[in-house]
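This report describes a metal site and a surface region of one protein. Please consult the sequence and the structure shown below.

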Amino acid sequence: MICPRCKTENGNRTVCSKCGYFLYRAANQNVAKRTGVERALDDAKTAGKGVWKIVRIVWIIIVLIVMSFWIIALLMYLTGGNVILG
Ligand SMILES: [Zn+2]
């Protein structure tokens with residue numbers, strides 16, 4: 001275990017032999033693993049949000065295409081099919 005304060009190698013000691021810094025917090029691997037999992041979950045959440053953002057944009061585009069199709073169809077019906085040709 002390398003001391004995070006003075007970078008001295010302390011082997012399996014829980015207290016730094018040079019500066020007296022407590023190393024048991026850094027030696028606890030569960031803390032690092034838990035933060036890693038939490039970080040991965042946060043990444044998955046942000047990725048999921050990104051996918052939903054794309055789905056929402058695609059959905060808006062589809063709705064706009066369908067709506068414009070219906071508006072053109074309605075105008076063609078009202079004007080006898082001369083909207084696109086003028
Ligand atoms: Zn130290």
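Which residues make a nonpolar surface patch of about 780 Å²? In this predicted model, the patch is made by Ile-54, Val-58, Trp-59, Ile-62, Val-66, Phe-69 and Trp-70. Such patches join nonpolar side chains (Val, Leu, Ile, Met, Phe, Trp, Tyr) within 5 Å, from residues with over 30% relative accessible area and no salt bridge.

Residues are numbered from 1 along each chain as its sequence is written. The model is predicted, with local features needing pLDDT of at least 70 and side-chain atom pairs pLDDT 80 or more, while totals for chains, interfaces and linings use all residues; side-chain values use heavy atoms, without hydrogens and water.

A search of the whole structure finds one aromatic pair (ring centres within 6.5 Å). The ring centres of Phe-69 and Trp-70 lie 5.9 Å apart with planes at 75°, so the pair is edge-to-face (planes over 60 degrees apart; under 30 is stacked and the rest tilted).

The zinc ion has as protein donors (N, O and S atoms within 2.8 Å of the metal) the SG atoms of Cys-3, Cys-6, Cys-16 and Cys-19, at 2.2 to 2.3 Å. Their spacing in sequence is C-x2-C-x9-C-x2-C. The donor angles of 107 to 116° make the arrangement tetrahedral (all angles between 85 and 135 degrees).

Accessibility is classed as buried (under 20% relative accessible area), exposed (over 50%) or partly exposed (in between), with a 1.4 Å probe and protein chains only.

| Residue | Relative accessible area | Class |
|---|---|---|
| Cys-3 | 0% | buried |
| Cys-6 | 24% | partly exposed |
| Phe-69 | 53% | exposed |
| Trp-70 | 57% | exposed |

Note on methods
Patches are made of residues with over 30% relative accessible area and no salt bridge: like charges are joined within 9 Å, nonpolar side chains (Val, Leu, Ile, Met, Phe, Trp, Tyr) within 5 Å. Accessible areas come from the Shrake-Rupley method with a 1.4 Å probe; for residues, only the protein chains shown count as cover. A salt bridge is a side-chain nitrogen of Lys or Arg within 4 Å of a carboxyl oxygen of Asp or Glu. Donors are N, O and S atoms within 2.8 Å of the metal (3.2 Å for Na, K and Ca); water is not among the atoms, so sites may look incomplete. Four donors count as tetrahedral if all angles lie between 85 and 135 degrees; four count as square planar and six as octahedral if opposite donors are over 155 degrees apart and all others between 65 and 115; anything else is irregular. Rings of Phe, Tyr and Trp (its six-membered ring) pair if their centres lie within 6.5 Å; planes under 30 degrees apart count as stacked, over 60 as edge-to-face and the rest as tilted.
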